[in-house]
Amino acid sequence: MKIKLFEQHSLTAVSRLRAEPSLAITDDLAEADILLIRSRTRIDKALLDQARKVKLVITATSGFDHIDWRECQSRDIQVSHTPEANAASTAELTFTLILAWERRLLDACKAVRTNGWRDSLQRPRGLKGQNLGVVGLGRVGRRVVQIAKAFGMHVLAHDPYIEEGVFKDLEVERLGLIEILRSSDYLTLHVPLTSETRHLINNPTLGEMQSDAVLINTCRGAVVDESSLLTGLDEGVIAGAAMDVIEREPPPQGHKSRNHPKLLLTPHIGAFTDHAWDQASHEAVDKILTFATGQTIGDTLPLNTPWFDKT
């Protein structure tokens, strides 16, 4: 079998492919049986028309909205992703953003660099006792819950696709969407991008939030209506936002999101750690080696979960 690599992958993971006698890496898309990709490679009809021999697409990412899995399915091409690899690093970044906002970290650094000190800073409340609303209790959301509890936060959660036992095991209060919007000091989003979650945060839902609340998004950019958010920040509907993902990445030069004083924006770095990158590469290679021996691989699309019907 021949494998076409797109983007960079861990050298140790790629070396495992090169060491397998039944596999070969090719630059010729037309000869490839397997495509190994990441999020910047879009798998669509145009690309698949050039890859007539492909039987497997593996993306070394947790997300998969860059893949037209229905087109793949119509061509009898299996698609799989690596959902475990990035969960820890994304949860870490989520709390990095929460802490950076709560402790006014950028303002504190600026005060020092401009020969000032803390006299110019607003005193933060501190996270202990504040309400953290977690929308989405998947792999990342559950890790965020555990971190929040270590900080002494009161955790609220919303996920219509998770059974009651999970909420009880995590010891979090289960709320409906409007309830959690109204109750959260910090609201953090950990949902897949589906027809239900696209622009989940918009003018009406922002209007349900507290005026001193802060929105955190490290899942998918299109879950938040960017225009509504910027307007809401301008008008003081919420106090601020910290986002690792937005609808257009990167935003155009001079775009309001780049310099908005109430928006902390990072360049999609949720999975941008050595460990996450290496682990995703190895998980992808594990699946290729399994497929090459004729065995069944896991994490294939469509997923056997109710929300996937909304993608």
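Asp76 sits in the loop between helix 3 (69-74) and strand 5 (78-80); helices (H or I, at least four residues) and strands (E, at least two) are DSSP runs numbered from the N terminus. The model is a predicted one, in which local features need pLDDT of at least 70 and side-chain atom pairs count only at pLDDT 80 or more, while totals for chains, interfaces and linings use all residues. Residues are numbered from 1 along each chain as its sequence is written, and side-chain values use heavy atoms, with hydrogens and water left out.

Asp76 has a positive phi of about 60 degrees although it is not a glycine. With a relative accessibility of 59%, Asp76 counts as exposed; exposed means over 50% relative accessible area, buried under 20%, and partly exposed in between (1.4 Å probe, protein chains only). Glu171 also is not a glycine and has a positive phi, of about 55 degrees. Glu171 lies in the loop between helix 7 (164-170) and strand 8, and its relative accessible area of 63% makes it exposed. Most residues other than glycine have a negative phi, and most peptide bonds are trans. The peptide bond from Glu249 to Pro250 is cis, with omega near -10 degrees, and Pro250 belongs to the loop between strand 11 and helix 11. Another cis peptide bond joins Leu301 and Pro302, where omega is about 5 degrees; Pro302 is in the segment after helix 12.

Seven strands form an open sheet in the order 8-7-6-9-10-11-12, with parallel pairing; two strands pair if DSSP finds at least two bridges between them. Its edge strands are strand 8 (173-174) and strand 12 (263-265), each of which pairs on one side only.

Within this sheet, five of the five residues of strand 6 (residues 131-135) are buried, so the strand is largely enclosed by the rest of the structure. Asn131, Gly133 and Val135 point one way from strand 6, and Leu132 and Val134 point the other way. Strand 6 is joined to strand 7 (residues 154-158) by five bridges, and the two run parallel; here Leu132 stands opposite Val155. Four bridges join strand 6 to strand 9 (residues 186-189), again in parallel. In strand 9, Tyr186 is opposite Leu132, and Leu187 is opposite Gly133. Strand 9 has Tyr186 and Thr188 pointing one way and Leu187 and Leu189 the other, and all are buried. Four bridges link strand 9 to strand 10 (residues 214-217), which run parallel, and Leu189 has Asn217 as its bridge partner in strand 10.

The helices connect to this arrangement as follows. Strand 6, helix 6 (residues 139-150) and strand 7 make a right-handed β-α-β unit; a crossover is right-handed if, with the strands pointing away from the viewer, the path from the first strand over the helix to the second runs clockwise. Helix 6 lies across strand 6, strand 7 and strand 9, at about 170 degrees to strand 6. Such angles run from 0 to 180 degrees between N-to-C directions, and axes are lines fitted to C-alpha atoms, for helices over the stretch in contact. Helix 10 (residues 226-234) lies across strand 10, strand 11 (240-243) and strand 12, running at about 145 degrees to strand 11.

Two residues show the local surroundings. Glu173 lies in strand 8 and, at 36% relative accessibility, counts as partly exposed. Not counting residues up to four places away in sequence, Glu173 touches His154, Val155, Leu156 and Ala157; contact means heavy atoms within 4.5 Å. A polar contact of 3.4 Å joins the side chains of Glu173 and His154. A polar contact is a pair of N or O atoms within 3.5 Å; within protein, one must be able to donate a hydrogen and the other to accept it, and residues adjacent in sequence count only if both atoms are side-chain atoms.

Ser257, in helix 11 (residues 256-259), counts as buried at 2% relative accessibility. The side chain of Ser257 makes a polar contact of 2.9 Å with the side chain of His255. Leaving aside neighbours within four places in sequence, the contacts of Ser257 include Glu226, Leu230 and Leu263.
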